[in-house]
Amino acid sequence: QGNTNDAIDYYIQSSLMENVNIPISEIPRRGNPTGRLRFNSLDFFNFNDVLCTPHCGAPIRLRVGFNVNEYNGISNVGISIEIRDMYGSPMLYFPSHLVVGKMNFTHGQHYVSVQIDKLPLSAGTYRVLLWADIQNECADFIDGDIRMTVEDDDFFDQGREVPQHLKGKVALYDY
């Protein structure tokens, strides 16, 4: 019962609850990835390397952990992080191949980070997609089963917050 937007938000929130407390390494994969590389963590840090909750307009570092399963290592690796709103619309996209080029990794645990000086997301819940390819072949893919909750803050330092009906649905841009 209630208005249509509230019903849709409730439906989307409940569909995400399926994998909320499952470790990233155990989230079911789609699309038959090779498994040569497997994601196992996503953490949020402030610029002092302290774990934190993402805040609208605050500096943040997203750190993705993964294990390389090839004994001899892997080369020509691309890793992408995409943040989408609850409706599936892309909000932020971080493809390593455009920023640092293809990467090489030895066998074992590794981490890559994305640093955002001022998180341009309004308060709300978002979906995080992780993608890894090795020589253009899908090694691992998590399709939006990871949630990222952004807390409210005064993005523009004007004493105002994003209106309630837009929270979790808009990216903010500073000028």
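Me: What makes strand β2 (residues 60-68) and β6 a pair?
Reply: Two strands pair if DSSP finds at least two bridges between them; β2 and β6 have 9 bridges, in the antiparallel sense, so they pair. The model is predicted: local features need pLDDT of at least 70, side-chain atom pairs count only at pLDDT 80 or more, and totals for chains, interfaces and linings use all residues. Residues are numbered from 1 along each chain as its sequence is written, and side-chain values use heavy atoms, with hydrogens and water left out.

Me: Why are β1 (37-45) and β6 (108-116) said to stand at the edges?
Reply: The open sheet has 3 strands in the order β1-β2-β6, with antiparallel pairing. Each of β1 and β6 has a single partner strand, so one side of each lacks a neighbour in the sheet.

Me: Why is V99 called exposed?
Reply: Exposed means over 50% relative accessible area, buried under 20%, and partly exposed in between (1.4 Å probe, protein chains only). V99 has 68%, so the term exposed applies. The residue lies in helix α2 (residues 96-99), where a helix is a DSSP run of H or I with at least four residues, and a strand is a run of E with at least two, numbered from the N terminus.

Me: What share of the 175 residues is buried?
Reply: Buried residues make up 42% of the protein.

Me: How many helices and strands does the protein have?
Reply: There are 2 helices and 8 strands, following the pattern α-β-β-β-β-α-β-β-β-β along the sequence.
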